[in-house]
Amino acid sequence: MMKLRSAIGAFVLAVCALAGPLALQPTVAQAQTAGSCTGSVTFRQKVDGPGGTIGELIVYYKSDNSGTNTACMYHRGRSAGVASTTQAHIESCREQSGEGQPGCTVLSKMTDNGPAKYSSYAGPVSVVGVANRCVYASGFVDYSGVRYYVQPLGRMGC
């Protein structure tokens, strides 16, 4: 009986040792709730398809956490209310200036729990500690079998 308890104890310790570092990693859900689709709008870009606008990427800024930028990819026009694969993505850049300039030396990045099916928007996805940094964001909405991307050509929020 003592050997069985020792074996079980060793097994539990091994599982805890292996799972411990994983338990400390932030989950996508935690990262998503780090921001919200509110704040000062620092960037917005629409993507059009047949019949008008299909989606819109909006980047928000708040002064929380030494600066927080949040990206949300919205369904617009005909895609509004239609559950389809959608994704939002944001990166913090090493660069501190150069609004609209190409290139982002990535410090951190976050992609929402997706791509996944959403009917109104994907996100929020946030990067923090960006009060004096540029960011880069992108996203897409699938509608009627076509993927509509918003992929800006340069940095934003500088």
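Is C134 buried or exposed in this structure? At 0% relative accessibility, C134 counts as buried, where buried means under 20% relative accessible area, exposed means over 50%, and partly exposed lies in between (1.4 Å probe, protein chains only). The model is predicted, so that local features need pLDDT of at least 70 and side-chain atom pairs count only at pLDDT 80 or more, whereas totals for chains, interfaces and linings use all residues. Residues are numbered from 1 along each chain as its sequence is written, and side-chain values use heavy atoms, with hydrogens and water left out.

A search of the whole structure finds 3 disulfides. Counted along the chain, the bonded cysteines follow the pattern 1-2, 3-4, 5-6. The following paragraphs take the disulfides in turn.

In one of them, C37 is joined to C72, with an S to S distance of 1.8 Å. This link is left-handed, with -95° about the S-S bond. Helices (H or I, at least four residues) and strands (E, at least two) are DSSP runs, numbered from the N terminus.

Another disulfide is formed by C93 and C104, whose sulfur atoms are 2.0 Å apart. The torsion about their S-S bond is about -110°, so this disulfide is left-handed. It links distant parts of the chain, with C93 in strand β4 (residues 84-93) and C104 in the loop between β4 and β5 (106-111), 11 residues apart. C93 is buried, with a relative accessible area of 0%, whereas C104 is partly exposed, with 22%.

The disulfide of C134 has C158 as its other member, and the two sulfur atoms are 2.0 Å apart. With 125° about the S-S bond, this link is right-handed. C134 is in the loop between β7 and β8 (135-143) and C158 is in the segment after β9 (146-150), so the pair connects parts that are 24 residues apart in sequence. C158 is partly exposed, with a relative accessible area of 38%.

The aromatic side chains provide a further view of the structure. Rings of Phe, Tyr and Trp (its six-membered ring) pair if their centres lie within 6.5 Å; planes under 30 degrees apart count as stacked, over 60 as edge-to-face and the rest as tilted. A search of the whole structure finds 2 aromatic pairs. In one of these, the rings of Y74 and Y121 have centres 5.4 Å apart and planes at 45°, so the pair is tilted. Y74 is in strand β3 (residues 68-75) and Y121 in strand β7 (residues 121-128), 47 residues apart.

β3 and β7 pair in the antiparallel sense over 6 bridges, and the bridge partner of Y74 in β7 is Y121. Y74 is buried, with a relative accessible area of 11%, while Y121 is partly exposed, with 32%. Of the 8 residues of β7, 6 are buried, so this strand is largely enclosed by the rest of the structure.

Definitions and conventions: Two strands pair if DSSP finds at least two bridges between them. A disulfide is a pair of cysteine sulfur atoms within 2.5 Å.
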